[in-house]
Amino acid sequence: MADQVTPEIGMGATSGYGADCYPHTIIAISKSGKEITVQADLHHPIAEGFDYYSNQKYTYTPDPNGSTRVYTLRKNGRWILKGESLKNGGRLGIGHRRYYQDPSF
């Protein structure tokens, strides 16, 4: 299984699309534990040494007004955006937050 971390409310999460990553906070978990709702976090560059092309480092803050998304746990152990396919669906890693924009685009 891909993601062995058990989700908890308040825990960080990271969604990925291509090489880009977006930070979230888990705000709800279904009774079965197979569906979680996440809310987008605010991210702010760390001033010292920040460089969009080589040193993207951020601090993260939960955003009570952030957009929400629902992910479901699939048979292969991955969290995939609800309604999307296992093969091409948006994925979510839990237990960490990361914001990253691929500067090559």
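# A tour from Tyr 22

Select Tyr 22 to begin: with a relative accessibility of 28%, this residue counts as partly exposed. Partly exposed is the class between buried (under 20% relative accessible area) and exposed (over 50%), calculated with a 1.4 Å probe on protein chains only.

The model is predicted, so local features need pLDDT of at least 70 and side-chain atom pairs count only at pLDDT 80 or more, while totals for chains, interfaces and linings use all residues. Residues are numbered from 1 along each chain as its sequence is written, and side-chain values use heavy atoms, with hydrogens and water left out.

**Stop 1**

Three aromatic pairs occur in the structure. Show Tyr 22 together with Tyr 99: the ring centres are 6.0 Å apart and the planes meet at 70°, so this pair is edge-to-face. It joins distant parts of the chain, since Tyr 22 sits in strand β2 and Tyr 99 in the segment after β7, 77 residues apart. Rings of Phe, Tyr and Trp (its six-membered ring) pair if their centres lie within 6.5 Å; planes under 30 degrees apart are stacked, over 60 edge-to-face, and the rest tilted.

Is Tyr 99 buried or exposed? Tyr 99 counts as buried, at 14% relative accessibility.

**Stop 2: the whole chain**

Switch to a cartoon view. The protein chain has seven strands and zero helices; these are DSSP runs numbered from the N terminus, where helices (H or I) need at least four residues and strands (E) at least two. Buried residues account for 36% of the 105 residues in the protein chain.

A surface view covers about 6,500 Å² of accessible surface for the protein chain, 52% of it belonging to carbon and sulfur atoms. Accessible areas come from the Shrake-Rupley method with a 1.4 Å probe, and for residues only the protein chains shown count as cover.

**Stop 3: the salt bridges**

How many salt bridges does the structure hold? There are two, each defined as a side-chain nitrogen of Lys or Arg within 4 Å of a carboxyl oxygen of Asp or Glu.

Select Glu 35 and Lys 82, whose side chains meet in a salt bridge at 3.2 Å, N to O. Glu 35 lies in strand β3 (residues 35–45) and Lys 82 in the loop between β6 (79–81) and β7 (91–94), so the pair ties together parts 47 residues apart in sequence.

Next, select Asp 41 and Arg 97, a salt bridge with its closest N and O atoms 2.6 Å apart. Asp 41 lies in strand β3 and Arg 97 in the segment after β7, so this pair ties together parts that are 56 residues apart in sequence. Asp 41 counts as buried at 7% relative accessibility, whereas Arg 97 counts as partly exposed at 27%.

**Stop 4: Ile 27**

Finish on Ile 27, in strand β2 (residues 20–29). Ile 27 is partly exposed, with a relative accessible area of 36%. Beyond its neighbours within four places in sequence, Ile 27 is in contact with Ile 9, Thr 37, Val 38, Gln 39 and Thr 68; contact means heavy atoms within 4.5 Å.
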